[in-house]
Amino acid sequence: MIFSQPKKILLLIVLVILAMFLCGLYLTYNTYDNLNFALMLRGKKVVAFALVALATGMATVSFQTMTQNQFLTPNILGLDALYVLIQTILFFIGGGVNILSQEQTSIFLLSILLMALSSLLLAKTLLKRRQNDLFILLMLGMIFGTLFSSTSTFFQVMMDPNEYDLLQGRLFASFSNINTTHLGLAAGIILLGSLILFALNRYLDVLHLGKDQATNLGLSVNAFQIFLLFFISLLTGTATALVGPITFLGFIVANISYQLMPSYRHSDLFPTAILLGFIFLVGSQFLVEQVFHLKTTVSVVTQFIGGLYFIGKIIYERSRYR
């Protein structure tokens, strides 16, 4: 059953109110009589939450539409593993202290470009040949992800223990020490990529019907998939380069969006996923800072909740078709 338009609007209003409430709570709770400093410090994190939620929500919903599979996320292409490999090589060659002290913009942009271009090269090589090449692309993404992880482990074993300790701090998603310059660049890239994907929402609605139906309706599916994959990788790579890998976030927000907003229209699914991502990130960071007292990270909370949700969804789907 598809919601009527008033119910869709009501759902989005409820999500907006919940997001604003959590944001206000996070910004003002336990400021220790130093509200201005807390707003300045936490405000930068809130901007990062919004950017990561925007990039993750847009990229994951688009990717699942392209693959026709609600269990897959863009990370299956090996982008997280490639990010870990890039950071490992940089720390291994340049030294952790030097890398952390410089935080060069060129390194930030290089990480994004490598993650986006690697997916684009794979796509251009495979998607123009046969109908099932998309699944071969996903399989190769998993293989390359394993290769990147193994190579990273090889370099990490040879690293100085102190360098390795500094590297581990970089490889966990963190909103604590975000470079303001990087935040501005990431905002520009994510906003541009998200606007382009949102402008393509009607084409994504057609692609949602399946490759054969989309082709019959006049959509050049292979060319559109390559174009789509580049912007999905760009958004995912930018969010990963900004705060680090956040496993399961896209899977959680996309699948909950399908449950709350049972509509095929991406103009409805996109804002729902973005708002849920923001709510999840703000709520997780609030727990990390105020409940767990920084003894864990957002990525650990996300992996725990996401893992439980993933297992629960698999069990639910299997029970449906028995």
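Is Asp 80 buried or exposed? At a relative accessibility of 12%, Asp 80 counts as buried (buried means under 20% relative accessible area, exposed over 50%, and partly exposed in between, with a 1.4 Å probe and protein chains only). We'll come back to that residue after a look at the whole chain.

First, some ground rules. This is a predicted model, so local features need a pLDDT of at least 70 and side-chain atom pairs count only at pLDDT 80 or more, while totals for chains, interfaces and linings use all residues. Residues are numbered from 1 along each chain as its sequence is written, and side-chain values use heavy atoms, with hydrogens and water left out.

How far can you trust the model? The predictor's confidence in each residue is its pLDDT, which runs from 0 to 100. The chain averages 84, and 91% of the residues score at least 70. Confidence is highest in helix 9 (residues 201-207), with a mean of 93, and lowest in helix 4 (residues 96-102), with a mean of 60. Where pLDDT is low, the predicted coordinates should not be read in detail.

Now for the architecture. You'll find 14 helices and 0 strands in the chain; here helices (H or I, at least four residues) and strands (E, at least two) are DSSP runs, numbered from the N terminus. The C-alpha atoms fill a box of roughly 55 × 45 × 40 Å along the principal axes. For 322 residues, a compact globule would have a radius of gyration near 20 Å, and the chain agrees with that at 20 Å (taken over C-alpha atoms, with a globule rule of 2.2 Å times the number of residues to the power 0.38).

Among contacts (heavy atoms within 4.5 Å) with a separation of 6 or more, 78% come from residues 24 or more positions apart.

Back to Asp 80, which sits in helix 3 (residues 79-94). Neighbours within four places in sequence aside, Asp 80 is in contact with Asn 75, Thr 240, Pro 245 and Thr 247. Ile 226, in helix 11 (residues 221-243), also counts as buried, at 10% relative accessibility. Ile 226 and Leu 121 are 105 residues apart in sequence, yet their C-alpha atoms are 9.3 Å apart in space.

For a contrasting pair, take Ser 150 and Val 282: they are 132 residues apart along the chain, and 33 Å separates their C-alpha atoms. Ser 150 belongs to helix 6 (residues 133-158) and is partly exposed, with a relative accessible area of 43%.

Finally, two backbone details in loops. Most residues other than glycine have a negative phi. Asn 30, however, has a positive phi near 55 degrees; Asn 30 lies in the loop between helix 1 (5-28) and helix 2 (35-67) and is partly exposed at 33% relative accessible area. Gln 68 also isn't a glycine, and its phi is positive at about 60 degrees. Where is Gln 68? Gln 68 lies in the loop between helix 2 and helix 3, and at 46% relative accessibility Gln 68 counts as partly exposed.
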